[in-house]
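Have a look at the model first, then read on.

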Amino acid sequence: MVLIKGEGILLRPISEDDTEFILSIRNNLDTADQFFSDPPIYDFLHRRWLNEMEGNAIDLIIETNQRVGRIYLTNIDYRNSKAEFGIVLHTEFTGKGIAFSSSKLLLDYCFSNLPIRKIYLHVFSDNNKAISLYKKLGFLVEGVFRDEIFKKGAFKDVVRMSVFKEHWINRET
């Protein structure tokens with residue numbers, strides 16, 4: 001069980017008690033445009049996903065003095081030393097530095113405690129706030145998947161970004 005503490009932030013394992021909170025994020029139409037899947041996500045589907053979650057993921061709730069978001073590593077591939085990163089905050093907590101601090105905590109943990117040398121992510125090319133966050137964290141663009149996901153009546157480009165352990169350890173931030 002992974003529990004990561006930082007200054008004013010706690011990353012703790014997701015549980016069934018978080019279902020309503022997760023659904024409030026996933027089904028928020030303001031943020032749903034940035035997910036590759038489409039709402040609605042129902043509680044029984046979320047609970048099934050939670051119960052079937054495989055061991056190749058670290059899925060955490062971000063807490064300050066309350067739940068503010070979710071952060072995770074999925075597709076953890078120890079053979080190839082890589083994992084996929086994701087983060088989402090409830091809309092009322094964006095723009096406060098929580099995403100940066102939480103991401104930094106998880107990446108520090110991952111590169112210090114797991115046999116992972118590369119963390120990658122996928123993001124819509126028009127999600128400028130997220131791309132800016134990822135660049136600030138040290139992620140670099142690996143490529144663009146053109147017309148990759150059909151969303152709201154049109155195909156959208158998806159950017160793949162990554163950060164390597166060596167770069168993370170040697171960064172100046």
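(pLDDT is the predictor's per-residue confidence, from 0 to 100; helices, H or I runs of at least four residues, and strands, E runs of at least two, come from DSSP and are numbered from the N terminus.) Across the protein the average is 90, and 94% of the residues reach at least 70. Residues count from 1 along each chain as its sequence is written, and side-chain values use heavy atoms, without hydrogens or water. As the model is predicted, local features need pLDDT of at least 70 and side-chain atom pairs 80 or more, while totals for chains, interfaces and linings use all residues.

Now the sheet. Eight strands make an open, mixed sheet, ordered β1-β2-β3-β4-β5-β6-β8-β7, where pairing takes at least two DSSP bridges between two strands. β1 (4-6) and β7 (140-151) sit at the edges with a single partner strand each, so one side of each has no neighbour in the sheet. β7 runs antiparallel to β8 (154-164), joined by eight bridges, and F150 stands opposite F155 in β8.

| Helix | Strands touched | Angle |
|---|---|---|
| α1 | β3 (58-63), β4, β5 | about 85° with β4 |
| α5 | β5, β6, β7, β8 | about 160° with β6 |

Key. Contact = heavy atoms within 4.5 Å. Axes fitted to C-alpha atoms, helices over the stretch in contact; angles between N-to-C directions.
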